[in-house]
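User: Hi! Could you walk me through how some of the labels in this structure were assigned?

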Amino acid sequence: MREAHPIERAVGMEYYVSDADGVGGQLRRDPADFRVTEIEAFDPDPLDADPGAYPHVLVRATLRSWDTNDFASALSDSLGISRERVSWAGTKDKHAVTTQLFTVAKVDPEDLRAVELGDVDLELLGRTGRKILFGDLAGNDFEIRVRDADTPTNAAAVTADLAAFAAGDQSGSGPGDEPLEPGDAVETTVGVPNYFGQQRFGSKRPVTHEVGLEIVRGNWKGAVLAYVGTPHEREPDGTREARAYVDETEDWQGALERLPNRLGYERSICHRLVENGANGPEDFRDALEAVPANLQRLFVNAAQSYAFNRILSERLERGLPFHEPVAGDVVCFRDADAPEDFPLPDTDRTQRVTEDRLRTVRRHCERGRAFVTAPLVGTETELADGEPGEIERAVLAELALSPGDFDLPDEFDSSGTRRAILLRTDLAVEHDDDSLTFDFALPKGSYATVVLREYLKGDPGDL
């Protein structure tokens, strides 16, 4: 186990579990280097089904260099319909080739077939009685190429470390595999902590969780300053100067004159503050509500994710297992509706692990029937007992948070849930000259970059 990059530590990812040196290299030089295909969990009826009973057309879209939201807008514009009639199961990265499901409500299939958008392939799959919802997928398959790796032969040692972690060995060193030479490939089951990846917090300016923490603490003005102010070294000079001006003056009209137009959400907040006078906490809360509802939720979700990452890092530091519970842990059970060969946790079915049940629950975890969890804290969160509970309470105390703090107005409210702490997958890595190709699948909500960071061990901005 070694210390992570400073940017990662800032969002709670304190460690790599692999002690092996990284491979270095460049990710996403070309969108085709990062391919994502949804593992589908949404079955349609035939396309000729009654459109009155099945008003949504299910489409499989393959997109090159498209942000999911931007594609939905372009598709609705092309069809001449409201953007609200387009829905999807999962948001994907723009700098990739992605294959994912969408539904379009009350549209003629022939109109969909006639859509012409650059770098888009559409396949009509059938009709459905309801729109597809966020999360209506089992997971994602990834095929990722890392180019210009500095030391690609190190991939074997990293893989060995991650295989050891998946099996419960947290010593930081797996079996001493030979270096991965050109033409070689290795395939095994690997595991990493199920961290929330850097994207959750902002890849270039990781402050989303800071905004959320201030919201949960009831400091609405502090949340605004964290989002609109707080310059970061990775931003352009003009942007940093505008944010610094906000921090120094709290002059919202002056901020509007300085913030670049591309920072649309920040400018919306400043507009609202100019309008309402910025005289008290309610005015600052009102300003935050000027941004879209999904971003309001993301602020609080990022705060929960940061606390979760901190809990996992503390568990690592204490040497507690990830693959099986200790007394006091809370486990969840396997989702009965998940594909047989792709076990998924069902966080609605949990059980607190007592000493007398420990051996039985460990067997369930060994067979993939149960998963150790940690909290995404909200109003309904019940913390663990024993040492896992000590960790959870210590992290929340350090962050000055409690479950009741998440009883918030409107979109900021969150009841919380739990999340599996171990991310385990069958991974294949192949060495071709100075490049490495990775193939693996992850359950929905987990991050490919959390696996890749163990291999590259570099600046998370490069992921």
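Analyst: Happy to. Rings of Phe, Tyr and Trp (its six-membered ring) pair if their centres lie within 6.5 Å; planes under 30 degrees apart count as stacked, over 60 as edge-to-face and the rest as tilted. The structure holds 12 aromatic pairs. Please keep in mind that this is a predicted model, where local features need pLDDT of at least 70 and side-chain atom pairs count only at pLDDT 80 or more, while totals for chains, interfaces and linings use all residues. Residues are numbered from 1 along each chain as its sequence is written, and side-chain values use heavy atoms, with hydrogens and water left out.

User: Why is the aromatic pair of W88 and F102 called tilted?

Analyst: The centres of W88 and F102 are 6.1 Å apart and the planes make 55°. W88 belongs to strand β6 and F102 to strand β7, 14 residues apart; strands here are DSSP runs of E, at least two residues, and helices are runs of H or I, at least four, numbered from the N terminus.

User: What makes the pair of F196 and F308 edge-to-face?

Analyst: The planes of F196 and F308 stand at 80°, with 5.6 Å centre to centre. Edge-to-face asks for over 60 degrees, so this pair qualifies. F196 lies in the loop between β10 and α5 and F308 in helix α11, so the pair ties together parts 112 residues apart in sequence.

User: How do you know that the charged end of R315 sits over the ring of F322?

Analyst: The distance from the charged end of R315 to the ring centre of F322 is 5.8 Å. The rule asks for NZ of Lys or CZ of Arg within 6 Å of the ring centre and within 35 degrees of the ring normal. K457 likewise lies over the face of Y16, at 5.4 Å.

User: Why is strand β16 described as largely enclosed?

Analyst: In β16, 7 of the 9 residues are buried, so the strand is largely enclosed by the rest of the structure. Buried means under 20% relative accessible area, exposed over 50%, partly exposed in between (1.4 Å probe, protein chains only).

User: What makes β9 and β16 a strand pair?

Analyst: Pairing takes at least two bridges found by DSSP, and 8 join β9 to β16, so they pair. The two run antiparallel, with D141 opposite A441 in β16.
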